[in-house]
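Visitor: I have a structure here and some questions about it. Can you show it first?

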Amino acid sequence: MSARFASIHDAMASGETLVMAHRGAMASAPMNTMAAFELALEQGADGIELDVQRSSDGHAVIMHDFSVDATTDGGGAVAEKSLSELQELDAGSWFSSAFAGEGIPTLDQVFASLGERTLFNVEIKSGSAGSGLVEEQVAACIRRFSVANRVIVSSFDPYVLLNFRLLIPTAMIGFLYDPELPSKYYIPLTKLSHEARHPRHDMVDQAYMRWARENDYYVNTWTVKDAERALELRALGVNAIIADDPEMLVDAFSS
């Protein structure tokens, strides 16, 4: 299966509301695993959202939490483990025995398997160890697989995004935020050229969308768990909705 859109730019400018699978189809499979990503595409998602950190030996690995405790059979900080140590862990059994043995993927594995088949929202985890090094690994991986036109890079940390902008100036960037984000994080935004805003969905209303359009921002919102709210957001004109259950949105939008 190939993606419906040739690039993330085409998708955002299409006038459609895209369905982005939050950490894959995490309502039905263990988050941030290849199983969750593949299932999201089977369910009809336009793209997948995933979280990237850096292993102790410099690999871009897919994991949301800063420790492996909650979603694997191991313990300890992601940044303190080598890739081989991380890949020994079972990242599926916590969700269901049906996913026993599911591993922690690398960004290279994701792009190698899915690079031509979907769009990507790559969130660089804010506060992860090795300031600047995570951005470098993500940029290098994007270049290796020539997928810059299929990726939007996001983070809650504008300094991460400023670093990334220097590494791949042509890549699309989105600033992640919610009402609780400290005001200090808004200060560097005046220096950051970025194409998209990624607000929590309860921040989005007509006034917000009017402001975003006046400032030429795409709006990609998260995390929507209700079909009725998804339809409201589509009517408001958001560009993408990030959801745990992409199949729910696909069904809602096709009815």
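The chat below covers a cavity and some helix contacts.

Visitor: What kind of model is this?
Guide: The model is predicted, so local features need pLDDT of at least 70 and side-chain atom pairs count only at pLDDT 80 or more, while totals for chains, interfaces and linings use all residues. Residues are numbered from 1 along each chain as its sequence is written, and side-chain values use heavy atoms, with hydrogens and water left out.

Visitor: How many cavities of 30 Å³ or more are there?
Guide: The count is 1. A cavity is a set of points on a 1 Å grid over the protein atoms alone where a 1.4 Å probe fits but cannot get out.

Visitor: How much space is in the largest cavity?
Guide: About 50 Å³. Volume here is the space filled by probe spheres set on the grid points.

Visitor: And which residues line it?
Guide: Met31, Asn32, Thr33, Ile62, Met63, Thr71, Ala91, Trp94, Ile104 and Pro105 line the largest cavity; lining residues have an atom within 4 Å of a point. That lining has 7 nonpolar, 3 polar and no charged residues. Ala, Val, Leu, Ile, Met, Phe, Trp, Tyr, Cys and Pro count as nonpolar, Asp, Glu, Lys and Arg as charged, and the others, Gly among them, as polar.

Visitor: New topic: helices. At what angle do helix 4 and helix 5 cross?
Guide: The axes of helix 4 (residues 107-114) and helix 5 (residues 133-144) cross at roughly 25° and come within 10 Å. Helices are DSSP runs (H or I, at least four residues), numbered from the N terminus. Axes are lines fitted to C-alpha atoms over the stretch in contact, with angles from 0 to 180 degrees between N-to-C directions.

Visitor: So are those two roughly parallel or oblique?
Guide: Helix 4 and helix 5 are roughly parallel to each other, a label for angles under 35 degrees.

Visitor: Which residues touch?
Guide: Leu107, Asp108 and Phe111 of helix 4 contact Val138, Cys141, Ile142 and Arg144 of helix 5, where contact means heavy atoms within 4.5 Å. These residues divide into 5 nonpolar, no polar and 2 charged.

Visitor: How does helix 5 pack with helix 6?
Guide: Helix 5 and helix 6 (residues 158-167) pack at about 40°, with their axes 9 Å apart. The contact residues include Ile142 of helix 5 and Phe164 of helix 6. By class, that contact has 7 nonpolar, 1 polar and 3 charged residues.

Notes
On a 1 Å grid over the protein atoms alone, a cavity is a set of points where a 1.4 Å probe fits but cannot get out, and a pocket is an open set with protein on both sides within 12 Å along at least five of seven lines; lining residues have an atom within 4 Å of a point. Angles under 35 degrees count as roughly parallel, over 145 as roughly antiparallel, 65 to 115 as roughly perpendicular and the rest as oblique.
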